[in-house]
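Colleague: Could you walk me through reading a sheet and its charged pairs? I'd like the general idea, then the case at hand.

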Amino acid sequence: MAKGKEVRVTVILECTSCVRKGVNKESTGISRYITQKNRHNTPSRLELRKFCPYCYKHTIHGEIKK
């Protein structure tokens with residue numbers, strides 16, 4: 001059986017508000033999560049609401065390139 005592109009791929013989600021702020025003085029970093037998505041069901045970039053420990057609230061985390 002030939003191996004093509006895998007259906008499930010690993011993606012990295014990054015906090016969009018930390019990136020926009022440019023990591024201010026109070027913040028020590030940028031929140032990132034690792035998850036998987038199905039390439040056939042969600043061909044576009046994934047965006048989920050996750051908790052950001054640097055912003056101390058739930059924010060939108062968007063998919064970034066590896």
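Colleague: How do strands β3 and β4 pair?

Modeller: Strands of a sheet pair through backbone hydrogen bonds, either parallel or antiparallel. Here β3 (residues 47-52) and β4 (residues 57-64) are antiparallel, with 6 bridges; strands are DSSP E runs of at least two residues, numbered from the N terminus, and pairing needs at least two DSSP bridges. F51 sits opposite H58 in β4. The hairpin has 4 residues between its strands, and Y56 adopts a positive phi near 60°. This is a predicted model, where local features need pLDDT of at least 70 and side-chain atom pairs pLDDT 80 or more, while totals for chains, interfaces and linings use all residues. Residues count from 1 along each chain as its sequence is written, and side-chain values use heavy atoms, without hydrogens or water.

Colleague: What is the strand order of the open sheet?

Modeller: Its 4 strands run β2-β1-β4-β3, with antiparallel pairing. β2 (32-38) and β3 are the edges, each pairing on one side only. Between β1 (residues 8-15) and β4 there are 4 bridges, and I12 faces I64 in β4.

Colleague: How many salt bridges does a search of the whole structure find?

Modeller: Side chains of opposite charge can pair when their charged atoms come close. The search gives 2, counting a Lys or Arg side-chain nitrogen within 4 Å of an Asp or Glu carboxyl oxygen. R32 pairs with E14, closest N and O atoms 2.4 Å apart. R32 lies in β2 and E14 in β1, so this pair ties together parts 18 residues apart in sequence. The other joins K37 and E63 at 3.2 Å, N to O. K37 is in β2 and E63 in β4, so that pair links parts 26 residues apart in sequence.
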